[in-house]
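Me: I'd like to go through this one with you. Can you take my questions as they come?

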Amino acid sequence: MFKYLITMPMGFIIEQIYNLVANYGIAIIIFTVIIKMILIPLNIKSQKAMKKQQKIQPVIAELQQKYANDQEKLQREMMKIYKDNNISMMGGCLPMLIQFPILIGLYQVIQKPLTYLLHVNWGDLEDMANPLVTEVLRLRDGMINLGYNLGNYAQANANMIVKSAQIQLSKWAETIGASGSALEGVTGGTHPWIINFNFFGMDLSNAPSAAFSRIMALDFSQWSIIALLIIPILAITATVVSQKLMQAQSGQNKSSGNDQAAQMTKSMNFMMPVMTGFFTLTLPAGLGLYWIISSVVQIAQQLALNYYFEKKGEDVVVTIPEKKQIHGKKRKK
């Protein structure tokens with residue numbers, strides 16, 4: 001179900017963009033912007049929730065002072081205020097959390113570009129009469145004959161290579177070429193499985209962690225691999241900035257460290273940068289590029305929506321126990 005609802009539609013969108021721009025990195029950037037535009041209604045709802053959180057912070061602070069010695073009563077009163085105002089403590093984090101199913105789908109697209117971008121219909125990969133099986137093995141053997149070390153893939157069958165090494169297949173096709181291809185209608189020239197992963201000299205199909213082996217060996221000749229480390233660095237930075245901005249707008253930075261919302265905030269402040277660093281370091285750099293652009297667009301949207309609600313937006317109303325309503329804007333005289 002996930003494949004048909006998320007992965008295949010994403011692959012189709014990226015394919016159409018790639019066909020227009022002929023560059024993998026630019027296609028991911030445009031795709032990311034499109035996704036963020038689609039999620040604007042969710043961001044607006046999240047921003048409203050954060051504005052409400054900001055407006056009830058003085059009330060929360062009073063409750064924390066009043067019930068400083070009765071944490072159970074404090075939690076009940078706070079939950080009542082959150083419920084009365086229809087505020088979820090995780091509401092502001094939703095746009096960030098919703099990225100994970102998108103990341104999973106994008107990971108599948110990046111890992112299997114021949115399936116989801118080029119729509120290769122593999123058929124029965126156990127059938128040795130299948131011309132696609134013949135082509136996969138031709139490319140594998142061609143790389144071995146050129147002296148390349150393919151590791152475990154040197155003895156792998158076509159089924160295993162297609163399942164876990166489609167990026168490598170694309171690169172093998174670029175190295176070996178189309179001459180002698182078993183594919184129907186391909187007699188020479190450019191191989192149809194070649195994908196341009198290059199983005200400002202960086203190969204977005206590689207994981208940035210590949211740079212560590214080069215650094216440990218003091219081999220700085222392939223700077224394009226070492227340069228991939230900038231991807232997780234920028235991704236972590238963008239994530240931290242987005243978090244800080246979100247918390248400042250919701251007023252969470254003013255919360256006491258004893259309440260549940262503050263504890264969640266602390267956990268997110270730690271976990272999100274760690275998870276961002278791990279994923280963008282160990283997975284193909286294309287995912288990291290998506291994360292960076294997504295975070296940057298998110299920051300821009302947060303600032304724009306905050307300006308809208310502050311200057312031109314609708315009145316944000318909250319309910320507190322002592323008064324019926326507090327209006328987010330001063331009443332007109």
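This is a predicted model: local features need pLDDT of at least 70, side-chain atom pairs count only at pLDDT 80 or more; totals for chains, interfaces and linings use all residues.

Me: How many helices and strands are in the protein chain?

Reply: The protein chain has 15 helices and four strands. Of its 333 residues, 45% count as buried.

Me: Switching to helix packing. At what angle do α1 and α6 cross?

Reply: Roughly 65°, and the axes of α1 (residues 2-21) and α6 (residues 99-111) come within 9 Å. The crossing is right-handed.

Me: Which residues of α1 meet α6 there?

Reply: Phe-2, Ile-6, Thr-7, Met-10, Gly-11 and Ile-14. Their partners in α6 include Pro-101, Ile-102 and Leu-106. By class, the contact has nine nonpolar, four polar and no charged residues.

Me: Salt bridges next. How many are in the whole structure?

Reply: Five. One of them joins the side chains of Glu-135 and Arg-138, at 2.9 Å from N to O.

Me: Where do Glu-135 and Arg-138 sit in helix α8?

Reply: They are three residues apart in α8 (residues 131-145), so about one helical turn separates them. Both Glu-135 and Arg-138 are buried.

Me: What does Lys-171 pair with?

Reply: Asp-203, with the closest N and O atoms 2.8 Å apart. Lys-171 lies in helix α10 and Asp-203 in strand β2, so the pair ties together parts 32 residues apart in sequence.

Me: Is Lys-171 buried or partly exposed?

Reply: Lys-171 is partly exposed, at 25% relative accessible area. Asp-203 is partly exposed too, at 22%.

Definitions and conventions
Residues are numbered from 1 along each chain as its sequence is written. Side-chain values use heavy atoms; hydrogens and water are left out. Axes are lines fitted to C-alpha atoms, for helices over the stretch in contact, and angles run from 0 to 180 degrees between N-to-C directions. Helices (H or I, at least four residues) and strands (E, at least two) are DSSP runs, numbered from the N terminus. A crossing is left-handed if the near helix is turned anticlockwise from the far one by less than a right angle, and right-handed if clockwise. Contact means heavy atoms within 4.5 Å. Ala, Val, Leu, Ile, Met, Phe, Trp, Tyr, Cys and Pro count as nonpolar, Asp, Glu, Lys and Arg as charged, and the others, Gly among them, as polar. Buried means under 20% relative accessible area, exposed over 50%, partly exposed in between (1.4 Å probe, protein chains only). A salt bridge is a side-chain nitrogen of Lys or Arg within 4 Å of a carboxyl oxygen of Asp or Glu.
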